[in-house]
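Open the model in your viewer and keep the selection tool ready. The stops below say what to select next and what is there.

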Amino acid sequence: MKMRNSVRKYAVHHKNKIEKIYCTINRVRYYIEKPFCHRTVKITREHAQALLQKFYPDPARKLAKAESSYMARENNRTEYDLQIIVPAYNVEQYLEACMESILSQETSYAFQVILVEDGATDCTREIAKRYTMNEHVRVVFQENQGVAAARNRGLALLTAPYVMFVDSDDMLAPGAIEACMQVAYKENADIVEGTIQRKIDCSLSMYRRVDAYRMANAAEELIGQPWGKVIRSSLFEEIRFPEGYWFEDTIGRFLVYELAKKTILIPEVVYVYRLELSSISQSSKMSRKCIDTYWVTARLLRKRKEMGMAFDACFYQRVMEQILLNAKRVKDMPREVREAIFVLTGALVETYFAPEIRMESSIWKLFESGDYGEYALYCKTHSEGAVVQRK
């Protein structure tokens, strides 16, 4: 055990060292190339909006009604401590393992699985039907609407005080429910998140390690995905996943996490995230759907304003990080599209943040001057912390 801990500390130390070196190299590159990269974009915001809508329209225009159709909540209370939402679409090779990892949990807490079969075209539907007679499972069938709509269908059925999300190609680790719920009830916590493993083919590695039991700042420290944690159900009272988009998990850092008054991190392994290397294709990087990252950002900023949440310096920093991530996600789109997103992103920052807050970031100066050339270089050399969170 001591040898294993020593090896882990050595690996972490050198990984951090390499990351610092890489970061320094990128910063040096930025200052070397900066004098030669300036290029001012002169299109208006109206032109940029029209260009982007023509190239790839905001999916919200087509799916606004679908998102609101399941907003009604069941008011009757049940005997469950926890409900686990599992959206399922074309996962015939994984669904059974996922469900069994949940149903085999040894726990003193009462739970129900809400399995939402999202109009799959393979045998997922037939597998889901097998669970209709299980007393711990509620199976819901719907036409294909995407993972956000499936999760929202589950949210509309919540009656338990806590909710957990499990993607149907992933698994709960043994003892996950007991570990999370014990802390949730004992500490009256809004969110409890644990250690998460990553499974690539047959090998396991750490995706997110929690070294010790401790309090946490939810908005700053939790992973962006909704899985790997239990969440107080009431945090979703006014919030739903944005339907029709990629990157719907952005609601975590933009909305949900900030509503949590008490968040606990625990060291126990609670979740196994499956990553299939063969499923990550170059075509997805080139898909126009990657522009959803901008549309989701704009939509959630509007939602945050509607909810009366703060647009302070702390949130501004998170938005700046999101902007770097957005630039990384759309880097393979045509230049005129990237320039349009640049102009529109600057407009969002100006709309939602006070001048004294905007000036805290060097990115704002580039928006203000319209210098897309330096902005693109800045994003390329400062985005090492911006990790794409789409599976």
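## Stop 1: two crossing helices

The crossing of helix 2 and helix 13 is left-handed. Left-handed means that the near helix is turned anticlockwise from the far one by less than a right angle; clockwise would be right-handed. Select residues 45–55 for helix 2 and 335–352 for helix 13. Their axes come within 9 Å and cross at roughly 125 degrees. Axes are lines fitted to C-alpha atoms, for helices over the stretch in contact, and angles run from 0 to 180 degrees between N-to-C directions. Helix 2 and helix 13 are therefore oblique to each other. Angles under 35 degrees count as roughly parallel, over 145 as roughly antiparallel, 65 to 115 as roughly perpendicular, and the rest as oblique.

Now show side chains. On helix 2, pick Arg45, Ala48, Gln49, Leu51, Leu52 and Phe55. On helix 13, pick Glu336, Val337, Ala340, Ile341, Val343, Leu344, Ala347 and Glu350. These residues make the contact, where contact means heavy atoms within 4.5 Å. By class, the contact of helix 2 with helix 13 has 10 nonpolar, 1 polar and 3 charged residues. Ala, Val, Leu, Ile, Met, Phe, Trp, Tyr, Cys and Pro count as nonpolar, Asp, Glu, Lys and Arg as charged, and the others, Gly among them, as polar.

## Before moving on

This is a predicted model: local features need pLDDT of at least 70, side-chain atom pairs count only at pLDDT 80 or more, and totals for chains, interfaces and linings use all residues. Residues are numbered from 1 along each chain as its sequence is written, and side-chain values use heavy atoms, with hydrogens and water left out.

Zoom out. The chain has 16 helices and 10 strands. Helices (H or I, at least four residues) and strands (E, at least two) are DSSP runs, numbered from the N terminus. Of the 391 residues, 52% count as buried. Buried means under 20% relative accessible area, exposed over 50%, and partly exposed in between (1.4 Å probe, protein chains only). Among contacts with a separation of 6 or more, 83% come from residues 24 or more positions apart.

## Stop 2: helix 11 against helix 12

Select residues 292–306 for helix 11. Helix 11 brings Thr293, Tyr294, Thr297, Leu301 and Arg304 to the contact. Helix 12 brings Phe315, Arg318, Val319, Gln322, Asn326 and Arg329. By class, the residues of this contact divide into 4 nonpolar, 4 polar and 3 charged.

Stay on Phe315. Is Phe315 buried or exposed? Phe315 is buried, with a relative accessible area of 0%. Leaving out residues up to four places away in sequence, Phe315 touches Arg253, Phe254, Glu258, Leu301, Arg304, Ala310 and Phe353. Draw a line from the C-alpha atom of Phe315 to that of Arg253: 9.1 Å, for residues 62 apart along the chain.

## Stop 3: aromatic rings

The structure holds 23 aromatic pairs. Rings of Phe, Tyr and Trp (its six-membered ring) pair if their centres lie within 6.5 Å; planes under 30 degrees apart count as stacked, over 60 as edge-to-face and the rest as tilted.

Select Phe165 and Phe241. This pair is edge-to-face: 5.5 Å centre to centre, 85 degrees between the planes. Phe165 lies in strand 4 and Phe241 in the loop between strand 9 and helix 9, so the pair ties together parts 76 residues apart in sequence. Both Phe165 and Phe241 are buried.

Next, Trp227 and Tyr271. Their rings are stacked, 4.8 Å centre to centre and 5 degrees between the planes. Trp227 sits in the loop between helix 8 and strand 9, and Tyr271 in strand 10, 44 residues apart. Trp227 and Tyr271 are buried as well.

## Stop 4

Select Asn90, in the loop between strand 1 and helix 4. Its phi is near 50 degrees, a positive value in a residue other than glycine. Asn90 is partly exposed, at 31% relative accessible area.

Jump to Asn188, in the loop between helix 7 and strand 6. Asn188 has a positive phi of about 50 degrees although it is not a glycine. At 53% relative accessibility, Asn188 counts as exposed.

Finish at Ser101 in helix 4. Ser101 is buried, with a relative accessible area of 10%. Beyond its neighbours within four places in sequence, Ser101 is in contact with Met171 and Leu172.
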